[in-house]
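Student: Could we go through this structure together, one question at a time?
Tutor: Gladly! Have a look at it here, and then ask away.

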Amino acid sequence: MATIKDVARLAGVGLGTASRVVSGKGSVSPATLVKVRAAIDELGFRPSHAARTLLSGNSKMIGVYIPVLSGTFYTPILQIIDTELRAAGLHMVVAFGAGLGGARQQAIEGLAFLVERGCDGLILMSNVLLEEDIAALGPRPTPMVVLNHAFDSIAGQCFTVDHTLGGTIAARTLLEHGHRDIALVSGPASLPDNVERVEAFKRALAAGGVDTGTMWMVEKDFSPAGGWSAAKELVESGRRCTAMFCANDEMAAGALSYLQEAGIRVPHELSVIGYDDTPSAEFSAPRLSTVHMPWREMTQNGVSELLNRCYGLQRPVTRNYPVTMILRASLARADQA
């Protein structure tokens, strides 16, 4: 394969001149530009990624860390990131939780992997890292933004959604539909965003006169299997509820599946609502009522902030995004149950 040295030799110019033509940076006379481009065409020269990085000082790669590479939550977010980056002429490198260590250690190792690959910037999605882990990154010569979590030390680089409002909207929706005997399927208590939505949900119910101290509650792992087992436990307990709130759509999907198999009609005997409004919610059976969280807006603005920091761009960045309730077929009034 032809190299930049071959191009310079054929064009009769110095290596630096040929490099300036390839990178598009620096001044070159029109006549020299014609000669170098002719040499490039004749040799069929195509600079490698490594060569372009050396010439420009940028890898044109953005590193993304996510905890798991599965499910209906992270995949759409990765698609949004990839679409935004490709439109800007950039590429995505993904690292995700793997290895023998716990979730926190996996996140630390994932960030180190992306830095070692020469990524121009990093996008982090993790609820398990601590402020001290961010401080341990040092001066952070590699720009970074954080999605769905906030660190006080880098508050301007953090983009999240209003989980307190999300939990509140879920509770108010059930109250407005006459539900008071409500089952709650929480996600892991170790995840701050789950705690925010669940605590807000219970506060809003309490404000509406519901005794949350006697409410049927269970903690699961945000997976469809968790939702399935939660619905099974509720049915086997014999507890009479008119509605179930699942703290994410994947658990709601699992719950719907179990309820269908158990012969319990949704929403006629039990209403079910979820949280996130992932793409699968619209196509569940029945179609899932869920809290729409503005993941697309959060992600797009986080990417814009990162590109501004990496490449000196002036892309607009906002931080307030709408949280709404999407009403579909899985929710009915309590007096219709």
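Student: Leaving aside neighbours within four places in sequence, which residues is Ala 171 in contact with?
Tutor: First, a word on the basis: this is a predicted model, where local features need pLDDT of at least 70, side-chain atom pairs count only at pLDDT 80 or more, and totals for chains, interfaces and linings use all residues. Residues are numbered from 1 along each chain as its sequence is written, and side-chain values use heavy atoms, with hydrogens and water left out. Taking contact as heavy atoms within 4.5 Å, the partners of Ala 171 beyond four places are Phe 201, Ala 204 and Leu 205.

Student: Is Ala 171 buried or exposed?
Tutor: Buried means under 20% relative accessible area and exposed over 50%, with partly exposed in between (1.4 Å probe, protein chains only). Ala 171 has 0% relative accessibility, so it counts as buried.

Student: Which helix does Ala 171 lie in?
Tutor: Helices are DSSP runs (H or I, at least four residues), numbered from the N terminus. Ala 171 lies in H8.

Student: How far apart are the end C-alpha atoms of helix H8?
Tutor: The expected span is 1.5 Å times one less than the number of residues. Helix H8 has 14 residues, 163-176, and should therefore span 20 Å. The model agrees, with its end C-alpha atoms separated by 20 Å.

Student: Just after H8, which residue takes a positive phi?
Tutor: The phi there is about 80 degrees. The residue is Gly 178.

Notes:
Helix = DSSP H or I, 4+ residues; strand = E, 2+ residues; numbered from the N terminus.
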